[in-house]
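Hi there,

Here is the structure I promised to pass on. Have a look at it first, and my notes follow below.

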Amino acid sequence: SDAWQRLNSESFDLLVIGGGINGAGIVRDAALRGLNVALVEKGDFGSGTSFRSSKLIHGGLRYLETYQFGLVRESTAERAVQMRVAPHLSRPLPFLFPVYKGDPHGLLFMDMGLWLYDALALFRVPKIHRAMRERGVLAKEKDLKKEGLVGGLHYFDCSADDGRLTLENVLDAESLGGVCLNYARVDKLNRSSDGSRVVGAKVTDLVGESTAEVHAKMIISATGAWTDSFLEGAGESREKLVRATRGSHVVVRKEKFPIQNAVTMLSPTDQRPLFVIPWGDHTYVGTTDVDHSEGPDRVFITRDEVDYILETVSHYFPSLNISVDDITGTWSGLRPLVDEPGVESNVKVSREHEIFGGEDGLMILAGGKLTTYRLMAKQTLDEALGHLAQSGEKPKDIERCKTRDRPLPGGRGLGEDWSETLPREFAQRHGVTEQLADHLLKSYGCRADFVLEGADAEAKEPICPGLHHIWAEVDFAVSNEMAITLEDAMVRRTLIAMKEARKSLEIAPAVADRMAEKLKWSEGERKGQLERYRSWIENCMEAIG
């Protein structure tokens, strides 16, 4: 209610539309520079695309093949930044790239490519890559197919909790005075009386059903895959800017798919790279790359994608016999690629970002990737300030960009060896297991103490058998992380639904009861939350059968 009051009563330097990773990065950068800034998102923060990525902060090894050296250099530099400012969310992950007879590139070629990869990163990696023969590869991952195996490469990139990376940017912006609202939909962009300039927006509160007329000197659309539909719905007629392609993933329990390293695989169908990635007590595999035609509000895996992924897994790990029955969760997201007329292949569409407009008070950020979100935010904000300066509306005493050095909220005070020393200390301090301590620290960083503040023994119990998530996390999500719906808590704050979709339906009523008490839901609202959540899970698992 306080945020809505500010939205209605203040005039902002900047209004950011879209609460994915790009919008979150922009609003944080703007708040750090001293701008009066607001962010509105029609769903939950990161719900559209940003929590549905492959959960990697990586340099883009495959971009070397298309000579996108600038993108690789940017990405590896930003990877180093994220490891520094969010070490709990961007953690080193060892990769194994097996090479077989008949592969497009031999072991020597791949070795040379990885030397270039390390060099473009200025060798800022946990360990320099290493080439190895068949025996060394199988020592790393014994279940890999042995027939035709020549050797492989062992190298490092980073895993990332994409949803929490988005959320922590939003939380930091809010702590700095920014207004950040989820479930706030922009219905119309308002123009000046002569129509020459965008001066604000009509925003609808999808929870309280009120509206606000927001006044802003500059508006930035960071709506990703929704860019074209948003602009059309808001009364802005423009040529198509975004080509959305779908990337889907499947999840399997680690006991069925036991790997120690992320493994890069090439699809036997089209030679596209896919990854098998260890994920705590689970393993996930992805991603696909297909054109999406159903619209950005409905994005779920198809049976063709399931078969495509499983075919690749069976090709590389034939002895494990992974089948559709082993899949416990799925997710799909859209890549908001900048549309390139005449380019037919998804693979050939650039992953670079572009910034459009600004002269009339409306800027549009399109394209890009998770890894470079901070740099994209900086460049977008720099350009916005340039336009404000030209129109004579740039605020005075704006500070320089600080996001390269300022840790995210959970990253403050974490040392380089935090993962080796803190879990034991944390476990002893709060009377929990080291496994739970490790989970909480990797999710919340130094904010983990607040999750357990005032938590009784029941709140420290697991929500779902076989997972580390506890009831105190639901309470914290509601009181400190702007979780408003059952889906917010089950999908994005705890990840239970992504790991164990069907199991999550069994515990959903109890989670809904706990949230209903804190959010004062009526019985009708509680039932509606459960129905909407059940429908979401059924859509996620429909292709599994």
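A salt bridge here is a side-chain nitrogen of Lys or Arg within 4 Å of a carboxyl oxygen of Asp or Glu. R185 and D187 form one, with their closest N and O atoms 2.6 Å apart. Please keep in mind that this is a predicted model.

Salt bridges

Both partners of that pair are partly exposed: R185 has a relative accessible area of 33%, and D187 is at 26%. The total by this rule is 40 salt bridges.

Another one to look at joins R164 to E481, where the closest N and O atoms are 2.9 Å apart. R164 sits in helix α6 and E481 in the loop between α13 and α14, so this pair ties together parts that are 317 residues apart in sequence. Are these two residues buried or exposed? R164 is buried, with a relative accessible area of 3%, and E481 is buried too, at 0%.

K518 also pairs with D475, with 3.9 Å between the closest N and O atoms. This pair links distant parts of the chain, since K518 is in helix α16 (residues 501–519) and D475 is in helix α13, 43 residues apart. K518 is partly exposed, with a relative accessible area of 42%, whereas D475 counts as buried at 16%, under the 20% cut-off.

There is a network as well: salt bridges link D44, E487, D488, R492 and R493.

Pockets and cavities

The second largest pocket holds about 1400 Å³ of space. It is lined by 47 residues, and R91, P92, S159, D438 and K442 are the closest to its centre. Among the elements that give two or more residues to this lining are β4 (90–100), β6 (149–160) and α11 (434–444). By class, the lining of this pocket has 18 nonpolar, 14 polar and 15 charged residues.

How many cavities of 30 Å³ or more does a search of the whole structure find? There are 2.

The largest cavity has about 40 Å³ of space. Its lining is made by R52, V299, F300, I301, T330, W331, S332, W536 and C540. The lining of the largest cavity divides into 6 nonpolar, 2 polar and 1 charged.

The second largest cavity has about 30 Å³ of space, and the residues lining it are F45, G163, L167, R492 and R493. Two or more of these residues come from each of α6 (162–175) and α14. By class, the lining of the second largest cavity has 2 nonpolar, 1 polar and 2 charged residues.

On the surface

W115, F123 and I128 make a nonpolar surface patch of about 290 Å². I128 is in the loop between α4 (107–120) and β5 (130–133) and counts as partly exposed, at 37% relative accessibility.

Lastly, E453 lies in the loop between α12 (448–451) and α13 (471–480). E453 counts as exposed, because its relative accessibility is 61% and the cut-off is over 50%. Its C-alpha is 8.9 Å from that of A472, which is 19 residues away in sequence.

Notes
Residues numbered from 1 in each chain as written. Predicted model: local features only at pLDDT ≥ 70, side-chain atom pairs only at ≥ 80, totals over all residues. Heavy atoms only, no water. Patch = residues over 30% accessible without salt bridge, like charges linked within 9 Å, V, L, I, M, F, W, Y side chains within 5 Å. Areas by Shrake-Rupley, 256 points an atom, 1.4 Å probe, with all protein chains shown as cover. Helix = DSSP H or I, 4+ residues; strand = E, 2+ residues; numbered from the N terminus. Buried < 20%, exposed > 50% of the residue type's maximum accessible area, 1.4 Å probe, protein only. 1 Å grid on protein atoms, 1.4 Å probe; cavity = no way out; pocket = protein on both sides within 12 Å on 5 of 7 lines; lining within 4 Å. Points joined across faces, edges and corners; volume = space filled by probe spheres on them. Nonpolar A, V, L, I, M, F, W, Y, C, P; charged D, E, K, R; others polar.
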